[in-house]
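Hi everyone, thanks for making the time. I'd like to walk you through one model this morning, so let me put it on the screen.

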Amino acid sequence: MDSKVSNGASPQDERTTSLLVFAFLQSCPRSRCHQELEVLGHELPVRAAHDDELQTDGNWCSHFREGAAETDSETQEEVVRDIARQLAQIGDRMECSIRPGLVAGLAAQFRNRSLSEEDRRRCLAAALEQLMQLYPADVDHEKTLLLLTMLVAKKVADHSPALLQDVFHTTVTFINQNLLAYVRNLVQNEMD
C-alpha cells in the first residue's frame, strides 16, 4: 500500500500525524501487535527526514543534521510523542466503550481487498460515528474523536495484527482529513 496521503496535508503534517498514531500505538498497554509495529516503524515517513535507528524500546534515536532546525524538529517530535503517551493513558480508560463486535466488523471490512482506501475510511468514519454517540455532547468533540480514532486502530490491529499497516494508513488519512487543524493546534499549544 502506498504510504502517501492524498488529502492536502503537507509532508510535515503527514509526518506529525504518522508519528502521533505510531507513538500512540506503541504507548498502549496490552497491545498484541509488537512485531507488526516494529516493521511499520521502519516504513514510516517520519524516518525519511532523519538518520534514525530503532531502539530496543521501540523509540527512534534521531541524529539530525540541519543546525537550528534540528532543535525545533527534535522538540516537536518529543512533544508529539508526549501527546501520544498522554492520549494512550486516557484511551486506556476509554477502551471498554469499544464493543468487540464493532472491532470484528471493522476488521472484516479491512480484510475485504475489494474495498478502496476511501471505502475503508468511510467504514472507519461510520464506526467512529457510532462510538461518538456514547459520549455526552459537552465533551471536547475533536479530542474524543481523535482518541477514539486511534483506539479503534489499536483494537482492530490487536484483533487482526496483519491489518496493522492498512489500519494505520487509513487512520492517518482520516485524521489528516478530519482532525488536522486540531492536531496542529494540539502540538503548537504544547510547544508554546
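One cut-off before we start: a residue counts as buried when its relative accessible area is under 20%. Please keep in mind that this is a predicted model.

With that cut-off, let's look at helix 7. Of its 19 residues, 14 are buried, so the helix is mostly covered. From first C-alpha to last, helix 7 reaches 26 Å, close to the 27 Å expected at 1.5 Å a residue. At its start, there is a side-chain oxygen of Asp-140 that comes to within 3.3 Å of the backbone nitrogen of Glu-142.

Is Thr-144 buried or exposed? Its relative accessible area is 9%, which is under 20%, so Thr-144 is buried. And what does Thr-144 touch, leaving aside residues up to four places away in sequence? Those partners are Met-94, Met-132, Tyr-135 and Val-139. As for Leu-128, 16 residues from Thr-144 along the chain, the two C-alpha atoms are 10.0 Å apart.

The chain averages a pLDDT of 84, and 82% of the residues score at least 70. Over residues 1-6, though, the pLDDT is below 50, and this stretch has eleven contacts in the model beyond near neighbours in sequence. Residues 47-68 also stay under 50, with 42 contacts beyond four places in sequence. Where pLDDT is low, the predicted coordinates should not be read in detail.

Conventions: Residues are numbered from 1 along each chain as its sequence is written. This is a predicted model: local features need pLDDT of at least 70, side-chain atom pairs count only at pLDDT 80 or more; totals for chains, interfaces and linings use all residues. Side-chain values use heavy atoms; hydrogens and water are left out. pLDDT is the predictor's confidence in each residue, from 0 to 100. Contact means heavy atoms within 4.5 Å. Buried means under 20% relative accessible area, exposed over 50%, partly exposed in between (1.4 Å probe, protein chains only). Helices (H or I, at least four residues) and strands (E, at least two) are DSSP runs, numbered from the N terminus. The expected span of a helix is 1.5 Å times one less than its number of residues. A polar contact is a pair of N or O atoms within 3.5 Å; within protein, one must be able to donate a hydrogen and the other to accept it, and residues adjacent in sequence count only if both atoms are side-chain atoms.
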